[in-house]
Amino acid sequence: MTNLTQKDINDLVKLQRIHIETGRLEAYLRDVPVQIKDLDNKLDAFTTKVEDDEKLIEELNKKYRTYESDIQLNVSKIKKSQEKLRSVKTNKEYQSSLKEIEDVKAINSKIEDEMLEFLEQIETAEQSLNETKKQYSRILNEIKQEKDSLVQTAEQGKKDLARLQSEREAAATAMDAGLLNIFKHQLMKQSNGIAIAAVKNAVCQGCNMNIPPQMFNELQRGNTLKYCPSCERIIFWQDQNGRSE
Ligand SMILES: [Zn+2]
């Protein structure tokens, strides 16, 4: 039976810690570009909203100007009719010109009502645009800061990863070669990347199942290489204070 010295257990625990930290860091670094893309999308959505608001105001103003020129046209029509009025000969002609003038005036007054409505719409749209623009500069700032901090954390993460890598190499070199192979084999077998587990109060901390009493007694007497009967991880005994000696 392979004996596990305290150094062996320490080596395994250390290697396991490095493996977990590496995995966490790698997952984080994989996620950074996704987070950056999310932030870019958020900003894009806002830019589109500003552009849409601007477009809407432009359209409304264009329509408003069309109405303005319609009114101008009608005003000159009215003037002409009024001039004509002075030179008409018959009462019938007079009445008909008068009606013409009244009709055009009625059209203009209708247009003016619509223009008022347009003015209100333009005002509302401009207020909304101002609000959006205020939010925009704030959000632009926030997103820039978030991205900067993500990039910085990722830079640090890459350094930490390189440090872990050399720590791992050093730990692997310093430990028993056979044990290292067993550890690696266990890592491949375990889907969540945890190859070893402490046993506390006869419970495997890897799967929370009880260790058979005889096996637990043996573990307490002196650690030998054993595997949890439930999760098959390498197990070692640890007392309530976290000591394994
Ligand atoms: Zn277990």
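Good morning. Helices here are DSSP runs of H or I with at least four residues, strands are DSSP runs of E with at least two, and both are numbered from the N terminus. On that basis, the order of elements along the sequence is α-α-α-β-β-α-β-β, which comprises four helices and four strands.

Please note that this is a predicted model, in which local features need pLDDT of at least 70, side-chain atom pairs count only at pLDDT 80 or more, and totals for chains, interfaces and linings use all residues. Residues are numbered from 1 along each chain as its sequence is written.

Let us turn to the overall form. The radius of gyration, taken over C-alpha atoms, is 41 Å, well over the 18 Å from the globule rule (2.2 Å times the number of residues to the power 0.38) for 245 residues, so the protein is more spread out than a compact globule. Along the principal axes, its C-alpha atoms fill a box of roughly 130 × 35 × 30 Å.

How many of the 245 residues count as buried? The share is 10%, where buried requires 20 or more other C-beta atoms within 10 Å of the residue's own, with C-beta atoms placed from the backbone.

A nonpolar core is a set of buried Ala, Val, Leu, Ile, Met, Phe, Trp, Tyr and Cys residues joined through C-beta atoms within 7 Å. The largest one has 17 residues, and L12, I196 and F236 are among those with the most contacts inside it. Two or more residues come from each of α1 (6-87), β1 (196-200) and β4 (234-237); β4 gives the largest share, four residues.

Finally, consider I196. Beyond its neighbours within four places in sequence, I196 is in contact (C-beta atoms within 7 Å) with L12, V13, Q16, R233, I234 and F236.

Terms used
Buried ≥ 20, exposed ≤ 12 C-beta atoms within 10 Å, placed from the backbone. Contact = placed C-beta atoms within 7 Å.
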